[in-house]
Amino acid sequence: MRPRRLRSALTVLGAAATATALALGPATAGTHGPAPAARAATAHGLTPVTDLLARRLLLADKVAAAKYGTDTPIDDPVREAQILDDVRARASSLGLEPDAVAAVFRDQIEANKLVQRALYARWEAHPAERPTERPDLAKEVRPALDRLTTGLLAALRDTERARTAPACGPRLATAAGWSAYTHRLDAPHLEGMGRALPSVCAAPR
């Protein structure tokens with residue numbers, strides 16, 4: 001497990017980078033080439049990871065809508081253990097360190113639950129904002145999560161060099177800020193992004 005102060009630093013850096021990106025204003029369609037912030041984030045090679053983290057956080061809205069008002073709890077230890085066992089096995093086949101990959105996915109699970117709880121609180125306080133449709137958790141939501149899992153495993157493999165570099169922390173924060181900006185993450189999802197980051201940077205092998 002990474003030192004707590006490094007986890008805190010990553011979260012702070014992520015929040016700072018996100019605030020900087022959001023301060024740039026909406027993206028403008030039809031511009032020639034990416035903005036400087038986009039070029040910087042892409043150059044560091046970590047945006048494939050942070051984009052998938054953002055997409056997974058946004059999918060938490062459907063997870064919450066599927067569960068809200070039912071007996072299905074936000075916390076599902078059995079399902080979570082199955083996911084972690086699966087990613088450990090798949091990490092080995094990709095040449096990745098299984099426990100390190102499981103730590104990344106454990107953070108994604110906790111980030112997802114954080115967003116779900118925030119949405120529940122919002123819907124309780126503002127009934128008019130409650131979802132009007134209930135996505136099918138088994139047929140719609142979980143297959144989408146599984147596809148993101150496959151993508152994230154591939155991205156972790158492809159970015160292993162960048163994730164073990166000494167500058168991974170600040171570069172990850174920059175990439176996370178840009179992904180938060182491009183995916184228009186609101187406050188609960190921004191908090192989720194901070195929770196999703198700590199285990200992405202890995203110790204050199």
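1. A cavity is a set of points, on a 1 Å grid over the protein atoms alone, where a 1.4 Å probe fits but cannot get out. Grid points are joined across faces, edges and corners, and a volume is the space filled by probe spheres set on the points. Rolling a probe the size of a water molecule over the atoms shows where empty space is left.

2. The model under review is predicted, so that local features need pLDDT of at least 70 and side-chain atom pairs count only at pLDDT 80 or more, while totals for chains, interfaces and linings use all residues. Residues are numbered from 1 along each chain as its sequence is written, and side-chain values use heavy atoms, with hydrogens and water left out.

3. The cavity count, for volumes of 30 Å³ or more, comes to 1. The largest cavity has a volume of about 200 Å³. Its lining consists of 15 residues, and Lys67, Arg79, Ile83, Gln116 and Leu145 are those nearest the centre; a lining residue has an atom within 4 Å of a point. Two or more lining residues come from each of helix 3 (47-67), helix 4 (77-93), helix 5 (98-125) and helix 6 (137-158). Helices here are DSSP runs (H or I, at least four residues) numbered from the N terminus. Helix 5 provides the largest share of the lining, 4 residues.

4. The lining of the largest cavity may also be sorted by class: 6 residues are nonpolar, 2 polar and 7 charged. In this scheme Ala, Val, Leu, Ile, Met, Phe, Trp, Tyr, Cys and Pro count as nonpolar, Asp, Glu, Lys and Arg as charged, and the others, Gly among them, as polar.

5. Helix 8 (residues 168-182) has 15 residues and spans 21 Å from its first C-alpha to its last, close to the expected 21 Å. The expected span is 1.5 Å times one less than the number of residues. After helix 8 comes arginine 184, with a positive phi near 55 degrees.

6. Alanine 180 belongs to helix 8. Is alanine 180 buried or exposed? Alanine 180 has a relative accessible area of 0% and is therefore buried. Its C-alpha atom is separated by 6.9 Å from that of leucine 190, 10 residues apart along the chain.

7. The whole structure holds 1 disulfide, defined as a pair of cysteine sulfur atoms within 2.5 Å. This disulfide joins cysteine 168 to cysteine 201, with an S to S distance of 2.0 Å. Cysteine 168 is in helix 8 and cysteine 201 in the segment after helix 9 (187-196), so the pair links distant parts of the chain, 33 residues apart. The torsion about the S-S bond is about -90 degrees, which means that the disulfide is left-handed. Cysteine 168 is buried at 2% relative accessibility, and cysteine 201 is buried at 5%.

8. There are 4 aromatic pairs, counted where ring centres of Phe, Tyr and Trp (its six-membered ring) lie within 6.5 Å. Tyrosine 68 and tyrosine 120 form an edge-to-face pair, 5.0 Å centre to centre with 75 degrees between the planes; edge-to-face requires planes over 60 degrees apart. Because tyrosine 68 lies in the loop between helix 3 and helix 4 and tyrosine 120 in helix 5, the pair ties together parts 52 residues apart in sequence. Both tyrosines are buried, and Tyr68, Tyr120 and Trp123 form one aromatic cluster.

Technical notes. Buried < 20%, exposed > 50% of the residue type's maximum accessible area, 1.4 Å probe, protein only. 1 Å grid on protein atoms, 1.4 Å probe; cavity = no way out; pocket = protein on both sides within 12 Å on 5 of 7 lines; lining within 4 Å. Phe/Tyr/Trp six-rings, centres within 6.5 Å; stacked < 30°, edge-to-face > 60°.
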